[in-house]
Structures are given as C-alpha cells and as structure tokens.
Amino acid sequence: MVAAVSDRAEVTCKDADAVLAAFADVVGDIVSKGDEKVTVPGFLTFERTHRAARTARNPQTGEPIEIPAGYGVKVSAGSKLKEAAKDK
C-alpha cells in the first residue's frame, strides 16, 4: 500500500507511510470517541457501533458463556469503491 501510494502521488515511501499512519491515527481517535462517523467521500465510512451483551456457546464444550457488552467498528464501502469492485 505504501509503495502504491508513493508511486501514484509521486512522493517518497517515507512520506507516503507517514501520511497513511497519520490517517490511521486520526480515524482511530475519532472512532474511539464514538461521537461521529469518519467518511472518505465515495470510498469508505468508519463508525463505532455498540454490541449488546449476549450468551454464546463454547464451541468445544457446548457450555453457554456470557459475552459482555462492548464496541466494534463498522466499515462501509462507498459508491466509488462498490463501482470499482463491479468493474473488474
């Protein structure tokens, strides 16, 4: 990914890596707060979601186990990404 961005943007791999790392940090910070979505128009949307507590089964023993409530991340493809996937 770093090499591809470096080639396409005509920057050094070090600069491309720094930009991608900064992007990941910003998305992580915003999503961890849970107040808002992060959208790259037409490409991706990142959103924190709440998962309710639930009962599951241990696959080895079949015994029920309690899974506490928590948070996850929902990533949705945008229209341009969906269209790119159809073309190839």
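Contact here means heavy atoms within 4.5 Å. With that cut-off, among contacts in the protein between residues at least 6 apart in sequence, 29% join residues at least 24 apart.

## Ground rules

This is a predicted model, where local features need pLDDT of at least 70 and side-chain atom pairs count only at pLDDT 80 or more, while totals for chains, interfaces and linings use all residues. Residues are numbered from 1 along each chain as its sequence is written, and side-chain values use heavy atoms, with hydrogens and water left out.

## Overall layout

The protein has three helices and five strands; these are DSSP runs numbered from the N terminus, with helices being H or I of at least four residues and strands E of at least two. In sequence order the pattern reads α-α-β-β-β-β-β-α. The radius of gyration is 19 Å, well over the 12 Å that the globule rule gives for 88 residues, so the protein is more spread out than a compact globule. (That radius is taken over C-alpha atoms, and the rule is 2.2 Å times the number of residues to the power 0.38.) Along its principal axes, the C-alpha trace spans about 55 × 30 × 30 Å.

## Surface and charge

Of the 88 residues, 14% count as buried, where buried means under 20% relative accessible area, exposed over 50%, and partly exposed in between (1.4 Å probe, protein chains only).

On the charge side, there are 13 positive and 13 negative side chains, and the centres of the two sets lie 7 Å apart. Lys and Arg count as positive and Asp and Glu as negative, leaving out His and the chain ends, and each charge is placed at NZ of Lys, CZ of Arg, CG of Asp or CD of Glu.

## The core

Val27, Val31, Val38, Leu44 and Phe46 make up the largest nonpolar core. H2 and strand S2 (44-51) are the elements that give two or more residues to this core. A core of this kind is a set of buried Ala, Val, Leu, Ile, Met, Phe, Trp, Tyr and Cys residues joined through side-chain atoms within 4.5 Å. Leaving aside neighbours within four places in sequence, Val27 is in contact with Val38 and Phe46.

Glu10 sits in the loop between helix H1 (2-9) and helix H2 (13-33). Its phi is positive, about 55°, although Glu10 is not a glycine. Most residues other than glycine have a negative phi. At 72% relative accessibility, Glu10 counts as exposed.

Gly70 is in strand S5 (residues 70-77) and, at 18% relative accessibility, counts as buried. Neighbours within four places in sequence aside, Gly70 is in contact with Thr49, His50 and Arg51.
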